[in-house]
Amino acid sequence: MGLPLLEVKGLKAYYRTRAGEVKAVDGVSFSVEPKEIFGIAGESGCGKSTLGMALLRLVDPPCYVEAGDVLFDGVDLLELDAEGLRTIRWKRFSYIPQSSMNALNPVARIGSQIVDAIAAHEHLSEKEANKRVAPLLKGVGLAAECADMYPHELSGGMKQRAIIAMAMALGPQLILADEPTTALDVNVQRVVLQALAYLREAMGVSVILVTHDMAAQAEIADRLAIMYAGKIVEVGAVDDVFADPLHPYTQGLMSAIPSLAEKRQIKSIPGYPPNLLDPPPGCRFHPRCPVAVGRCREEQPELRSEARGRLVACHLVVE
């Protein structure tokens, strides 16, 4: 395997408030390989969306990127000026936002919005840009006629696929999809996930899939990172993580997933995520962990490789 397409090292993104710093992303490291779908999952409030926005330098005050490296194809995105970032963002590394209705202009036709995205980065005539619209829509399962429609004339799933088409307009190598199936029914969710899988299979695009929907992760992700309280606690092949979760938090998430295949009691994780203004010492999961020992309360575990080849941040598992 060659160099990763994206390599994140020690990324920190904090919200500065009057009460102090909220450590929403606190020393996160991971990599994404070419043509890979990399999932990031965890409870709401664990820092997933802030992490995604920080990767693309889309965070606004009071959130600031405090430290770390975001190496995209060897180039540190955190070191680029506005013009340098413009040559990468959207053209090579694009974004599917969480709410398609908020992302689309309600008074502009779908086709013209895709053309605007193309024209903002490439010197093409309107006629040349328009020629790209129908193939882009077809690639995500939409009819060419959708280009002449307004957002309110499309269903939720159609709007989300239009956003995916817009994200693909400039032929990027990597797409960040932030909760792309939120508020969609299961049938539409499947169509959206199939569209993302198509991008990897047919076009060789890498995808970072940010969602708490574990079923979506299981369906299309290759590797999965589990995030808790601003930190990544486990990374591994998605089948391995689902079949044999190692970190106690990952085990708790899996126990909370309903199953049609086996009759078992659904167990929720007791307690609540910590206040990231003042996170607990040691492992941030220890107040909710059923197997925590003294060391867990005092010493913060590092994300390290264990015997089965997975990365886990847990004293008990690694030892």
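The crossing of helices α4 and α6 is right-handed; a crossing counts as right-handed if the near helix is turned clockwise from the far one by less than a right angle, and as left-handed if anticlockwise. Helices (H or I, at least four residues) and strands (E, at least two) are DSSP runs, numbered from the N terminus. The model is predicted, so local features need pLDDT of at least 70 and side-chain atom pairs count only at pLDDT 80 or more, while totals for chains, interfaces and linings use all residues. Residues are numbered from 1 along each chain as its sequence is written, and side-chain values use heavy atoms, with hydrogens and water left out.

Two packed helices are described by the angle between their axes and the distance between the axes. Here the axes are lines fitted to C-alpha atoms, for helices over the stretch in contact, and angles run from 0 to 180 degrees between N-to-C directions. Helix α4 (residues 110–119) packs on helix α6 (residues 156–167) at an angle of about 25 degrees, and their axes are 9 Å apart. The two helices, α4 and α6, are therefore roughly parallel, the term for angles under 35 degrees; angles over 145 count as roughly antiparallel, 65 to 115 as roughly perpendicular and the rest as oblique. I110, Q113, I114 and A117 of α4 make the contact with A162, A165 and M166 of α6, where contact means heavy atoms within 4.5 Å. By class, this contact of α4 with α6 has 6 nonpolar, 1 polar and no charged residues. In this classification Ala, Val, Leu, Ile, Met, Phe, Trp, Tyr, Cys and Pro count as nonpolar, Asp, Glu, Lys and Arg as charged, and the others, Gly among them, as polar.

Helix α4 also packs on helix α5 (residues 126–139), at an angle of about 115 degrees and with the axes 9 Å apart. The crossing of α4 and α5 is right-handed. On the α4 side, I110, G111, I114, V115 and I118 meet A129, N130, R132, V133, L136 and L137 of α5. The contact of α4 with α5 divides into 8 nonpolar, 2 polar and 1 charged residues.

Helix α6 has a further partner in helix α7 (residues 186–203): the two pack at an angle of about 15 degrees, with their axes 9 Å apart. This angle makes α6 roughly parallel to α7. The crossing of α6 and α7 is right-handed. G157, Q160, R161 and I164 of α6 meet V188, V191, V192, A195, L196 and L199 of α7, a contact with 7 nonpolar, 2 polar and 1 charged residues.

The next topic is the backbone and the loops. Most residues other than glycine have a negative phi, and most peptide bonds are trans. K35, in the loop between β2 and β3 (37–41), has a positive phi of about 60 degrees although it is not a glycine. A cis peptide bond, with omega about 15 degrees, joins P61 and P62; P62 lies in the loop between α1 (48–55) and β4 (63–72). Another loop, between β5 (75–76) and α2 (82–86), contains L78. Not counting residues up to four places away in sequence, L78 touches L11, A54, R57, V65, G68, D69 and V70. The C-alpha atoms of L78 and R57 are separated by 7.2 Å, although these residues are 21 apart along the chain.

The last topic is empty space. Rolling a probe the size of a water molecule over the atoms shows where empty space is left. On a 1 Å grid over the protein atoms alone, a cavity is a set of points where a 1.4 Å probe fits but cannot get out, and a pocket is an open set with protein on both sides within 12 Å along at least five of seven lines; lining residues have an atom within 4 Å of a point. Grid points are joined across faces, edges and corners, and a volume is the space filled by probe spheres set on the points.

The largest pocket holds about 260 Å³ of space. Of its 17 lining residues, K231, I232, P301, L303 and A313 lie nearest its centre. Strand β2 gives the largest share of this lining, 4 residues. The second largest pocket holds about 190 Å³, and its lining includes P248, K267, F285 and R288. The structure holds 1 cavity of 30 Å³ or more. The largest cavity has a volume of about 70 Å³, and its lining has 10 nonpolar, 3 polar and no charged residues.
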